[in-house]
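Subject: Structure for your study

Dear colleague,

Please find below the structure that I am handing over to you. I would ask you to keep it open while you read the notes that come after it.

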Amino acid sequence: MNPGRILVVEDNPKNLKLVRDVLRFSGYEVIEATSGEDGVRLAASEHPDLILMDPQLPGIDGAEALRRIRAGEQTRAVPVVAVTAFAMDHDRQRAFDSGFTGYVEKPISVRRLPQQVRDFLRLGGAT
């Protein structure tokens, strides 16, 4: 059984590969985007259960991509989690103020990421 469909929006190829590999190993279906525009498009067409997004993206940034995702009828309720190296308290608060559902710090912990994703999926109502 597939535990969920995760859209990962990340412009750094190494970070994208790490998250993809960890999530696939944990049984998740992973959809990849490398820009905010692609993230918005794939969120609408692929109906992910959760979106992990780097707020610092080429083109439109994560906050604008999130705004567009929240404006979509079918995507407004999808949990969107900021995945960022900015780890100060004010950075976390800025992510929440922008509307992100949660926050995961880089560098990604390969041990903690699967449980973090399960927790975000549970909060978002996905199975």
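Predicted model: local features only at pLDDT ≥ 70, side-chain atom pairs only at ≥ 80, totals over all residues.

Strands of a sheet pair through backbone hydrogen bonds, either parallel or antiparallel. Here five strands make up an open sheet with parallel pairing, and their order is E2-E1-E3-E4-E5. Strands E2 and E5 (102-105) are at the edges with a single partner strand each, so one side of each has no neighbour in the sheet. From one strand to the next, the twist averages 25°.

Helix H2

Which residues of helix H2 (residues 36-46) are buried? They are Gly-36, Gly-39, Leu-42 and Ala-43. These residues lie on the same side of H2, because they cover an arc of only 125° around the axis. The cover over the buried residues of H2 includes strands E1 (5-9), E2 (29-33) and E3 (50-53), together with helix H3 (62-71).

The nonpolar cores

The largest nonpolar core contains 19 residues. Leu-7, Val-9, Ile-51, Met-53, Ile-69, Val-80 and Phe-100 have the most contacts inside this core. At least two residues of the core come from each of E1, E2, H2, E3, H3 and strand E4 (80-84). Helix H3 gives the most, with three residues. Another core, of 18 residues, lies apart from this one, and Ile-6, Leu-16, Val-30 and Val-81 are among its members.

Ile-51 belongs to strand E3. Buried means under 20% relative accessible area. Ile-51 has a relative accessibility of 0%, so it counts as buried. Leaving aside residues up to four places away in sequence, Ile-51 touches Leu-7, Val-9, Ala-43, Ile-69, Val-78, Pro-79, Val-80 and Val-81. The C-alpha atoms of Ile-51 and Val-117 are separated by 9.6 Å, and these two residues are 66 residues apart along the chain.

The second residue is Val-80. With residues up to four places away in sequence again not counted, the contacts of Val-80 include Ile-51, Met-53, Leu-66, Ile-69 and Phe-100. Arg-70, Thr-101 and Gly-102 are also touched by Val-80.

The salt bridges

Side chains of opposite charge can pair when their charged atoms come close. How many salt bridges are counted in this model? The count comes to 13.

One of them joins the side chains of Glu-46 and Arg-5, at 3.2 Å from N to O. Glu-46 lies in helix H2 and Arg-5 in strand E1, so this pair ties together parts that are 41 residues apart in sequence. Glu-46 is partly exposed at 25% relative accessibility, and Arg-5 is partly exposed at 22%.

Arg-24 and Glu-32 form a salt bridge as well, and their closest N and O atoms are 3.7 Å apart. Arg-24 is partly exposed, with 45% relative accessibility, and Glu-32 is partly exposed, with a relative accessible area of 29%. Both residues belong to a network of salt bridges that links Lys-17, Arg-20, Asp-21, Arg-24 and Glu-32.

A further salt bridge is found between Arg-122 and Asp-119, with the closest N and O atoms 3.2 Å apart. Both residues lie in helix H5, three residues apart, which is about one turn of the helix. Arg-122 counts as exposed at 55% relative accessibility, whereas Asp-119 counts as partly exposed at 31%.

Two points of the backbone

His-47 is in the loop between H2 and E3. Although His-47 is not a glycine, it has a positive phi of about 50°. His-47 is partly exposed, with a relative accessible area of 42%.

Pro-107 is in the loop between E5 and helix H5 (113-124). The peptide bond from Lys-106 to Pro-107 is cis, with omega near 0°.

Yours sincerely,
A colleague

Terms used. Residues numbered from 1 in each chain as written. Heavy atoms only, no water. Buried < 20%, exposed > 50% of the residue type's maximum accessible area, 1.4 Å probe, protein only. Helix = DSSP H or I, 4+ residues; strand = E, 2+ residues; numbered from the N terminus. Arc of directions from axis to C-beta. Contact = heavy atoms within 4.5 Å. Pairing = 2+ DSSP bridges. Axes fitted to C-alpha atoms, helices over the stretch in contact; angles between N-to-C directions. Core = buried A, V, L, I, M, F, W, Y, C linked by side-chain atoms within 4.5 Å. Salt bridge = Lys/Arg side-chain N within 4 Å of Asp/Glu carboxyl O.
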